Amino acid sequence: MIDPRLGQVVKAYDVRGRSPEELDPVLTRALGEAFAIETGVDGGRGTVVIGHDMRDTSPLLVEAFSDGVRAQGGNVISIGLASTDLLYFASGDFDLPGAMITASHNPAAYNGIKLCRAGAKPIGYDTGLSTIAEKATELLARTELPEPTGTYEERDALSRYAEYLHQIVPVPAGRRLKVVADAGNGMAGHTVPSVFASLDVELTPMYFELDGTFPNHDANPLDHSTLVDLQAKVRETGADIGLAFDGDADRCFVIDERGDVVSPSAITALIAHRALITTPGATILHNVITSKAVPEIITENGGTAVRTPVGHSLIKAEMARTGAVFGGEHSGHFYFKDFFLADSGMIAALHVMAALAETDGTVSELMEQYERYVASGEINSTVSDGPAILAELTKTYADLDQDTMDGLTVTADTWWFNVRASNTEPLLRLNVEGDDEATMARVRDDVLAVIRGD
């Protein structure tokens, strides 16, 4: 968490009296130095590309991170305001390590950094983040800071990004789609106009004004309460489709013409189906909490379905290992081989729009074949002893198929559930799917009774 009132004292990188728990400019500069060392751009040997979101504190942190890179002799290219997938594109297109200053869908008081190696390759805890953290901690012990010596330049990436997306997902002309897009005052307000400018669409923008205070609603479409305005606008305007992006616009949720939320698992299945038409027999990834319809549809269409844990760095690594062309998560993250294995909500949106433009029907009709089962959605429970509860669930459902790829997954003939622990909070996250509403509700309530001790 970062105080948005940060002023000139911390901007001058005073290393005394800072809180070790806050991502202030002091820590951010140290992370920039550590990142330069980890990615080998120190000593004048390379360049880092940096983008940032619309939060009030982001420019200050960009300056601090840039100074850190440059203090180690690395050079910096700034692409300015960017969505996270725009930063990934720049990292891939320029073949440079990248840093995105953003707190994604989190509230206004927060900020953070997403890092990648050249070519948008992920950096996970065991593949560089722990080393960066250790080095930054070491650097924070200094009382004097080296002067930046590396170069700094600004460069546009947005126009090339829009052009590239249209190359990999052409949306056919001929059917003029009525689209409502809710940017939630986040970075989709910056990227959607450029991407949609050449499309045959009638666009109704909602909350496109960049505002890191999120005056209308949190930019977190995983929380369906933030979708109410978009759902109402779709119904009011008679739109064909609604699109909701999170704060850094790397996730996208779809609303059908009735104003109903389309399951991200169904989007995964649709994109998988499209990928298997153009790349027969391809490998496609899905995580442990996507609908069982996803591997069914992949297999039915001649593909190979590979199940993965939740998490972008794990999925990107598995895509590289298996040669997968696409991967989807139920959280609304979608990964593409032809996008440097990175995730992009915008590409997912273009796939749905392209599929819709190829028909005369509605989104609900298009998605019907991909929505086969009933899901609970993710249900979080605060717990004091997560491992003990998982052990109790393992015992309770001992007579059924179980696996522990990510948390505990229990599978029966007409339902399945997964319970996993949060990495950052004392929470257990439950997802249940059943063949019908009654089955799902019964299993959901039974498992919640164990989790919450009811």
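Trainee: What classes of residue make up the lining of the second largest pocket?

Mentor: Keep in mind that this is a predicted model. The lining has seven nonpolar, three polar and three charged residues. The pocket holds about 220 Å³ of space. Among its 13 lining residues, I168, A275, T278, D338 and H351 are the closest to the centre. Helix α9 (residues 264-278) gives the largest share of the lining, four residues.

Trainee: Okay, on to the rings. How many aromatic pairs does a search of the whole structure find?

Mentor: The search turns up 11 aromatic pairs. Let's take F89 and Y164 as one of them.

Trainee: Why is the pair of F89 and Y164 called tilted?

Mentor: Their ring centres are 5.5 Å apart, and a pair needs centres within 6.5 Å.

Trainee: What makes it a link between distant parts of the chain?

Mentor: F89 sits in helix α4 (residues 84-94) and Y164 in helix α6 (residues 158-168), 75 residues apart.

Trainee: Why does F89 count as buried?

Mentor: Buried means under 20% relative accessible area. F89 has 1% relative accessibility, so F89 counts as buried. Y164 is at 15%, so Y164 counts as buried too.

Trainee: And how do you know that the pair of Y164 and F340 is stacked?

Mentor: Check the angle: there are 15 degrees between the planes, and stacked takes planes under 30 degrees apart. Centre to centre, Y164 and F340 are 6.0 Å apart. This pair also links distant parts of the chain, with Y164 in helix α6 and F340 in the loop between β15 (334-336) and α12 (345-357), 176 residues apart.

Trainee: Is F340 buried, partly exposed or exposed?

Mentor: F340 has a relative accessible area of 25%, between the 20% and 50% cut-offs, so F340 is partly exposed.

Trainee: Which residues form one aromatic cluster with F89?

Mentor: Y161, Y164, F339 and F340 form the cluster with F89.

Trainee: Last one: what makes you say that K316 lies over the face of Y88?

Mentor: K316 is at 4.0 Å from the ring centre of Y88, and the distance cut-off is within 6 Å. Likewise, K292 lies over the face of Y373, at 4.6 Å from the ring centre.

Methods:
Residues numbered from 1 in each chain as written. Predicted model: local features only at pLDDT ≥ 70, side-chain atom pairs only at ≥ 80, totals over all residues. Heavy atoms only, no water. Phe/Tyr/Trp six-rings, centres within 6.5 Å; stacked < 30°, edge-to-face > 60°. Helix = DSSP H or I, 4+ residues; strand = E, 2+ residues; numbered from the N terminus. Buried < 20%, exposed > 50% of the residue type's maximum accessible area, 1.4 Å probe, protein only. Lys NZ or Arg CZ within 6 Å of the ring centre and 35° of its normal. 1 Å grid on protein atoms, 1.4 Å probe; cavity = no way out; pocket = protein on both sides within 12 Å on 5 of 7 lines; lining within 4 Å. Points joined across faces, edges and corners; volume = space filled by probe spheres on them. Nonpolar A, V, L, I, M, F, W, Y, C, P; charged D, E, K, R; others polar.
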